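Try each task before reading its solution.

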Amino acid sequence: MKVLVIMGSPRKEGTGSRAVKAIESRLATHGPVQLEVLRLKDANLGQCRGCFQCISRGEELCPMRKEIVAVEEMIEAADGVILVSPGYVQNVSGLMKNFMDRIAYTNHRPRFFGKKVMIVANGGSGLAKTLDALRIAIGGPEVVSELEYTQLPWPMQERSIVKRRADLEKAVDKFYKALQVKDMRPSFNNYMRFLFLKGASVEAKEWLPADHEFYRDLDRYYYDVDVGMGMRIKASLLMPVAKFFMRGMAPQRDGADGSDR
Ligand SMILES: Cc1cc2nc3c(=O)[nH]c(=O)nc-3n(C[C@H](O)[C@H](O)[C@H](O)COP(=O)(O)O)c2cc1C
């Protein structure tokens, strides 16, 4: 079993690193798991320039494609990914955010299906918001486990340390269990997301041609899978409601200039 750890802290020996060591030890109690650590600080991803080419016309057109391809290959070679970020101003660190920006096209055209993701936020307060951000870092794989790893800037009480250890063990056990499951059926949320993005790719064909190309020949889901009758019925009932609430997002069709003014 191979797990890639993507670290968003600029500090080599910080709290995030200690959390990863504890995660590694707990994983080892279940079976052999090989951890590979990618420190974003050393990955030289470069700062996203905001050209939007990856999202609109395809990631091959990113002017800094090479470095992110190397990360894609590392994710592809792993069974699972652990994303670790310190909480910075109740969000992810700048390094982690830049990684999310550099791989943002996977939120339009998901991949890495079947991989399992664990997200870890470390710091003092506001870690739930850091986890909210991490949850959508990579489009495609399922987030199966989440952990708030608390480290206060002063000596912590014994009972807080005991709780932190118990939370970590629970989250790691959940992650390990999910790594064993080979069921490729999507969650309902992911299925709804697929239907929504496929619909949007038709509406926004002119502006997001890469999405249009990607979704054009996809029928049931991103890959061949039986999503089940129940899920299809539930989605067909909910989709018109979702579309109603998002109707203001549709492109202006009467030729009026809707650009920035
Ligand atoms: C720029 C910056 C912003 C931070 N913002 C917060 C914050 O909003 N809430 C908090 O509890 N800790 C905050 N911290 C503290 C870090 O989250 C905390 O020290 C973390 O455990 C560091 O992780 P690391 O050692 O893995 O880098 C911040 C630290 C920095 C450097």
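**Exercise 1: Around the ligand**

Both α1 (15–28) and β4 (116–123) contribute at least two residues to the shell around the ligand. Helices (H or I, at least four residues) and strands (E, at least two) are DSSP runs, numbered from the N terminus. This is a predicted model, in which local features need pLDDT of at least 70 and side-chain atom pairs count only at pLDDT 80 or more, while totals for chains, interfaces and linings use all residues. Residues are numbered from 1 along each chain as its sequence is written.

Task: describe the shell around the ligand by its residues and their classes.

Solution. 
- Step 1. Collect the residues: 16 of them surround the ligand, the closest being G14, G16, P86, G123 and G124. A residue is near a molecule or strand if its C-beta atom, placed from the backbone, lies within 6 Å of it.
- Step 2. Sort the shell by class, which gives 3 nonpolar, 12 polar and 1 charged. Here Ala, Val, Leu, Ile, Met, Phe, Trp, Tyr, Cys and Pro count as nonpolar, Asp, Glu, Lys and Arg as charged, and the others, Gly among them, as polar.
- Step 3. Look at G14, which sits in the loop between β1 (2–7) and α1. G14 counts as partly exposed because it has 14 C-beta neighbours inside 10 Å. The scale is: buried if 20 or more other C-beta atoms lie within 10 Å of the residue's own, exposed if 12 or fewer, and partly exposed in between, with C-beta atoms placed from the backbone.

**Exercise 2: α1 against α6**

Task: work out how α1 and helix α6 (residues 158–180) cross, and which residues meet there.

Solution. 
- Step 1. Take the axes: those of α1 and α6 come within 9 Å and cross at roughly 55°. Axes are lines fitted to C-alpha atoms, for helices over the stretch in contact, and angles run from 0 to 180 degrees between N-to-C directions.
- Step 2. Classify the angle: α1 is therefore oblique to α6. Angles under 35 degrees count as roughly parallel, over 145 as roughly antiparallel, 65 to 115 as roughly perpendicular and the rest as oblique.
- Step 3. Assign the hand: α1 passes α6 in a right-handed crossing. A crossing is left-handed if the near helix is turned anticlockwise from the far one by less than a right angle, and right-handed if clockwise.
- Step 4. List the partners: from α1 come A22, I23, R26 and L27, and they meet L168, E169, V172 and Y176 of α6. Two residues are in contact if their C-beta atoms, placed from the backbone, lie within 7 Å.
- Step 5. Sort this contact by class: 6 residues are nonpolar, none polar and 2 charged.

**Exercise 3: Two partners of α7**

Task: describe how helix α7 (residues 188–203) packs with helix α9 (residues 229–245) and with helix α8 (residues 209–216).

Solution. 
- Step 1. Begin with α9: the axes of α7 and α9 come within 10 Å and cross at roughly 55°, and the crossing is right-handed.
- Step 2. Find the residues: F188, Y191, M192, L195 and F196 of α7 meet M231, K234, A235, L238, M239 and A242 of α9. The contact of α7 with α9 divides into 10 nonpolar, no polar and 1 charged.
- Step 3. Turn to α8: α7 and α8 pack at about 125°, with axes 8 Å apart, and α7 and α8 are therefore oblique to each other.
- Step 4. The crossing of α7 and α8 is left-handed. L197, K198, S201 and V202 of α7 make the contact with D211, H212 and Y215 of α8, and by class there are 3 nonpolar, 2 polar and 2 charged residues.

**Exercise 4: Loop residues**

Task: say whether N44 and V92 are buried or exposed, and place each in its loop.

Solution. 
- Step 1. N44 belongs to the loop between β2 (34–39) and α2 (53–56). N44 counts as exposed because it has 10 C-beta neighbours inside 10 Å. Its phi is positive, about 50°, although N44 is not a glycine.
- Step 2. V92 is in the loop between β3 (80–86) and α4. V92 is buried, with 27 other C-beta atoms within 10 Å. Leaving aside neighbours within four places in sequence, V92 is in contact with G8, S85, K97, T130, A133 and L134.
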